[in-house]
Amino acid sequence: QAAMGGSVWGAGGLTATTLGAKLYSKSSETGKRWLVGGCTCATTLATAVFLFHSLTGVALPVPVTMVSLFALGSGLALCFYVPSNVVALELGKGSTATLSN
């Protein structure tokens, strides 16, 4: 089950950097704020779930763990990778090797 968790984390990050990059680059300034804000909320909620588990020792059901890991992986990847890649593309005029290319 631990190996599945690691895969779900990676799948969340990959989904965020591929689909999220397209959404982010096509969004207006308000849309970008909503997208990053939504990912921030998802990341915060997933962190709260794991903090609850750590503090209380209550076992989390596998589906809750998987969804939380996916949300955490996608939320952190989108907020970390996509804005920097979009800026690199704007400054590099398309000649940079980034995830958004």
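A: Thr40 lies in helix α2, where helices are DSSP runs of H or I of at least four residues and strands are runs of E of at least two, numbered from the N terminus. This is a predicted model, in which local features need pLDDT of at least 70 and side-chain atom pairs count only at pLDDT 80 or more, while totals for chains, interfaces and linings use all residues. Residues are numbered from 1 along each chain as its sequence is written, and side-chain values use heavy atoms, leaving out hydrogens and water.

Thr40 counts as partly exposed because its relative accessibility is 38%; buried means under 20% relative accessible area, exposed means over 50%, and partly exposed lies in between, with a 1.4 Å probe and protein chains only. From C-alpha to C-alpha, Thr40 and Leu78 are 9.4 Å apart in space, although 38 residues separate them in sequence.

Now to the helix around it. Helix α2 covers residues 29-56. The 28 residues of α2 should span 40 Å at 1.5 Å a residue, and its end C-alpha atoms are 40 Å apart, so the two values agree; the expected span is 1.5 Å times one less than the number of residues. The buried residues of α2 are Lys32, Leu35, Cys39, Thr43 and Ala46.

Let us take Lys32 from that list. With 14% relative accessibility, Lys32 counts as buried. Not counting residues up to four places away in sequence, Lys32 touches Tyr24 and Ser27, contact here meaning heavy atoms within 4.5 Å. Pro83 is 51 residues from Lys32 in sequence, and their C-alpha atoms are 9.4 Å apart in space. Lys32 also has a charged partner: its side chain meets that of Glu29 in a salt bridge at 3.9 Å, N to O. The rule asks for a side-chain nitrogen of Lys or Arg within 4 Å of a carboxyl oxygen of Asp or Glu, and the count by this rule comes to one salt bridge. Side chains of opposite charge can pair when their charged atoms come close. Both partners, Glu29 and Lys32, sit in α2, three residues apart, about one turn of the helix. Glu29 counts as exposed because its relative accessibility is 51%, whereas Lys32 is buried at 14%.

Cys39 takes us to another part of the chain. Leaving aside neighbours within four places in sequence, Cys39 is in contact with Gly75, Leu78 and Cys79. Cys39 also belongs to the largest nonpolar core, six residues in all, together with Ala16, Tyr24, Leu35, Ala77 and Leu78. Each of α1, α2 and α3 supplies at least two residues of this core. A nonpolar core is a set of buried Ala, Val, Leu, Ile, Met, Phe, Trp, Tyr and Cys residues joined through side-chain atoms within 4.5 Å. In soluble globular proteins, nonpolar side chains tend to be buried together.

Ser68 has its place in helix α3 and counts as buried because its relative accessibility is 6%. Beyond its neighbours within four places in sequence, Ser68 is in contact with Ala46, Val49 and Phe50.

Gly13 lies in helix α1, residues 2-26, and counts as buried at 12% relative accessibility. Gly13 and Gly73 are 60 residues apart in sequence, yet their C-alpha atoms are 4.9 Å apart in space. Leaving aside neighbours within four places, Gly13 is in contact with Gly73, Ser74 and Ala77.

Finally, here is the whole chain. The protein chain has three helices and zero strands, and of its 101 residues 28% count as buried. Of its contacts with a separation of 6 or more, 64% are between residues 24 or more positions apart. The mean pLDDT, the predictor's confidence in each residue from 0 to 100, is 78 for the chain, and 81% of the residues score at least 70. Among the elements, α2 has the highest mean pLDDT (86) and helix α3, residues 62-92, the lowest (77).
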